[in-house]
Amino acid sequence: MAEGLDKAREEFFSEAQELVEALSRNLLSLDASLKSGVEDPSVINEAFRAVHTLKGLAGLFAAKRVSTMSHRLEDVLDGLRLGRLALTPEVLDLLFRAVELYNVALSAERVRSDEPLPQIDTLLDEFGRVGKNPSAATNPLARFELDPAMLAVLTEYEEHRLRTCVEQGLLLYRVRVDFALATIDKSLEDIKLRAKEHGEVITYLPTGASTSIDSIELDLLLASSAGVEVLEASIGGDQVQIYPIPVKERVSVLQRETAPPPRNMSLPELSSERREPMPSDHSVEVQGGQGAAALRAIAQTVRVDIRKLDALMNVVGELAIVKNALGRMAEKIRAEGSRQLGSELHSIQRSFDRRLGEMQSGILEVRMVPLGQVFDRLARVVRQIGREMGKDIRLVITGAETEIDKLIVEELSDPLMHIVRNAIDHGIELPDDRKRVGKPLAGTIALNAFQKGNHVVIEVEDDGRGIDEKALVARAVVLGKVHPEEVDGLARAEILNLVFLPGLSTRDEASDYSGRGVGMDVVKTNIGKLGGVIDVQSETDIGTKITITLPVTLAIVSALLVRIEGRVFAMPLTSVAEAITFDEQAIRVVDGREVMTLRGVTLPICRLGRLFGLAPLPGAVPPKRRYVVVATLGPRRLGFAVDDLEGQQDIVIKPLGKSLSRVRGFSGATELGDQRVALVLDPTALIEEMLSAAEVTNRERRVGLG
Amino acid sequence: MAEERSLSVFDRRLAAAGQNGLREFLSFRLGADIHAVDLARIREIVSSPPLTEVPRAQSDIVGICSVRGLLVTVVDLRRRLHLPESPQTRLSRILLANTDSGEVIGLLVDEVRQVIRLAPSEIEITANVLGADLADHVLGVGRPDGEFIILLDLDSIVET
């Protein structure tokens, strides 16, 4: 018994050690991000989770000092995470000291020493002083069961007002009002005015659950000294429901991390368990049902490290190789006489193939998460930035349920955030300007996601002023990215694509949010790393639309094997539209590059053998017929001329070694199952390379003529 | 001047390598000369698996191959050391070497000889007797039993 406990205690220490190490690593990357200015919110989240887990463990093993420290640390990290506390070198210093003290405290616990550790108290005091982040004990808001999701979207000012009101001893109410869309402006002002007699409307947020399409339901957060009855009498009505926000018995803001991840607006959920039932029995039933479902969901969910899924995926990849070998073996046996045996082997191989396919899609499915995860984060950002910049923004989200690989979602967050910030900052005009051009006062940003074949398309659309093409070109000329003489020859798409050049900004003033246009080039690079493409469309005074096209998953890809000068290359099927017979006669030279016409549309042709400088293998016979593999990425199309098509195969792409990192045009290599290794073509890079090279020659030519 | 400075660099490298007496090297043949590298860095020797050439790579990279699922970039050591070319033979081998970056790199050599143990006294630090191209990659020369073995510096070879 005692032995078992000791063992568990030992495990606690080793796990605690790991967590402290993880925390330390996270702090290091925070430090790096502080220096580079590129913040990665997931790092803080990871740090937070490490500390949170540590707190739980320490509590379990009565390691009091560790748990007290974690408690406070959690608070600081939560502040950082919710943006209430700025990440400064000073804060980081404190956090780093905490890591050291963790080690001290853990060793002390390990030898069961009760010696006081005054350093910890000093550190805790300093944490208390950090920034303007009040500790849990002194946070007046902690008395109320406020929804963290709502707290997170409050602007500084609103939060300040909320604090002041609470400190003055006012009570908080949630006032739910169903407004008719047609009269919302007036009704809202009206209700604000009436509420003013009794208190202050801190903020109002849509609940996302309106009763009809002509109405919108808002939750008003009201601070007032009056009781419910007084308020009912003053602002009450058919469409108005008033709920006091409950006061907690015990003060703990830290309970919030056990709450489910904040969804849009969960104010009503909050009150449902404490408050009297909703008006109709029916809705109570629904509530109960949902609660039960949520409980079951928790019990049946497993959290899995994505690396474990990657490892499984690799095994599937290796199995696919075995499967291919089996197929070849079957062919061989069939060809060499034993037809019967060959056929049997073949059918075994086919059923193996099917099961393997099921397994593969099963694993892929596990990796998939809805894009809504990122969109939710964006929604908060939109609200906050919009408010602080004095712009009224309506965010319309469609396709949040569209699923995409977990890894891609993680990587998408920053680029999307950047695009949205740009849209608010550069795109949407100030209300007065919008009024002048006859647009609705509130700007609209639409986030649309949908699946299109093997790709997921994400559009970020705003109804702002559009990209100022003249300013863009002028800036590009100043920066020397465009020669003054070629300005007139630029096509619109070419002009708009200038936004992806490093260092471009069409605004004179840099803003806190989107900087000086530094970033769209980074966005493009990051999207490119995910195998995606980004495009921009814009109309003056109508708006801007950024379209991102991404593969659904990164793990296993179906590939077309092509032969070029005797060598086999793999081309991911996601980017292959079709393969057609190559007709040398149909090739024309336009603007110095080879093109053919496919169903009435001009298709640039890239001879891969020539591009790669591949010499024919000795004794090779030129193929009788060749093929053109048409690759598409977003709106771009390119035909790759190859000698032969070898068939289709599922492949696991392995990255090329560091010594080949400078080689462009390949996304990696893969084993084909017969000891051969094939390079995997990177259509994104190749299309980019071919088309941009063509643009350069075009420009040169135009300049030459002009 | 330059010679002195480079010698001191070699000195340090060797000192680090041969602290406690004998040091083990794996010797192999490139053309007529015998070369050797630190044995501890060699992970495996494989006879030439099928190589896939990589278009657009440096000319001294002969290709990539898979060794039991591990993707390895193979460097033609002759080309990297600017030695005269010769075709691969059945004696040709690929040494899989661990690099600092964690990557495993393949070194194509003409023939693997043996493991040799050298005492510090058998190692001569002579960067200047060899060709300038080679000098960059050479730790020194080993002279066990009157033989002449060029000791190569794996890190500098791989870096290029």
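Helix axes here are lines fitted to C-alpha atoms over the stretch in contact, and angles run from 0 to 180 degrees between N-to-C directions. Helices (H or I, at least four residues) and strands (E, at least two) are DSSP runs, numbered from the N terminus.

This is a predicted model: local features need pLDDT of at least 70, side-chain atom pairs count only at pLDDT 80 or more, and totals for chains, interfaces and linings use all residues. Residues are numbered from 1 along each chain as its sequence is written, while chains are lettered from A and ligands numbered from 1 in the order in which they are written.

**Stop 1: chain A**

Select chain A. It holds 21 helices and 22 strands. Of its 706 residues, 31% are buried (20 or more other C-beta atoms within 10 Å of the residue's own; exposed means 12 or fewer, partly exposed in between; C-beta atoms are placed from the backbone). Now turn to contacts (C-beta atoms, placed from the backbone, within 7 Å). Among those in chain A between residues at least 6 apart in sequence, 70% join residues at least 24 apart.

**Stop 2: α12 and α13**

Select residues 306–335 of chain A, helix α12, then residues 339–367 of chain A, helix α13. The two pack at an angle of about 165°, with axes 9 Å apart. α12(A) and α13(A) are therefore roughly antiparallel (over 145 degrees; under 35 is roughly parallel, 65 to 115 roughly perpendicular, the rest oblique). α12(A) passes α13(A) in a left-handed crossing (the near helix is turned anticlockwise from the far one by less than a right angle; clockwise is right-handed). By class, this contact of α12(A) with α13(A) has 18 nonpolar, six polar and five charged residues. The nonpolar class is Ala, Val, Leu, Ile, Met, Phe, Trp, Tyr, Cys and Pro; Asp, Glu, Lys and Arg are charged; the others, Gly among them, are polar.

**Stop 3: α3 and α5**

Move to residues 64–81 and 118–129 of chain A, helices α3 and α5. Their axes come within 10 Å and cross at roughly 20°. α3(A) and α5(A) are therefore roughly parallel. Their crossing is left-handed. Show R65(A), M69(A), R72(A) and V76(A) in α3(A); these meet I120(A), L124(A) and F127(A) in α5(A). That contact of α3(A) with α5(A) counts five nonpolar, no polar and two charged residues.

**Stop 4: L170(A)**

Select L170(A), in the loop between α7 (156–167) and β1 (171–180) of chain A. L170(A) is partly exposed, with 18 other C-beta atoms within 10 Å. Leaving aside neighbours within four places in sequence, L170(A) is in contact with C165(A), G199(A), A223(A), S224(A) and S225(A).

**Stop 5: where chain B meets chain A**

Show both chains. 17 residues of chain B are in contact with 19 residues of chain A. On the chain B side, β4 (61–67) and β5 (70–76) each supply at least two residues. β4(B) gives the most, with four. That side of chain B divides into 10 nonpolar, five polar and two charged residues.

**Stop 6: the cores**

Finish with the largest nonpolar core, of 118 residues. A nonpolar core is a set of buried Ala, Val, Leu, Ile, Met, Phe, Trp, Tyr and Cys residues joined through C-beta atoms within 7 Å. V420(A), V629(A), V680(A) and V74(B) touch the most other members. Helix α15 (residues 406–427) of chain A gives this core its largest share, nine residues. Apart from it lies another core, of 30 residues, including A16(A), V91(A), L95(A) and I120(A).

Technical notes. Contact = placed C-beta atoms within 7 Å.
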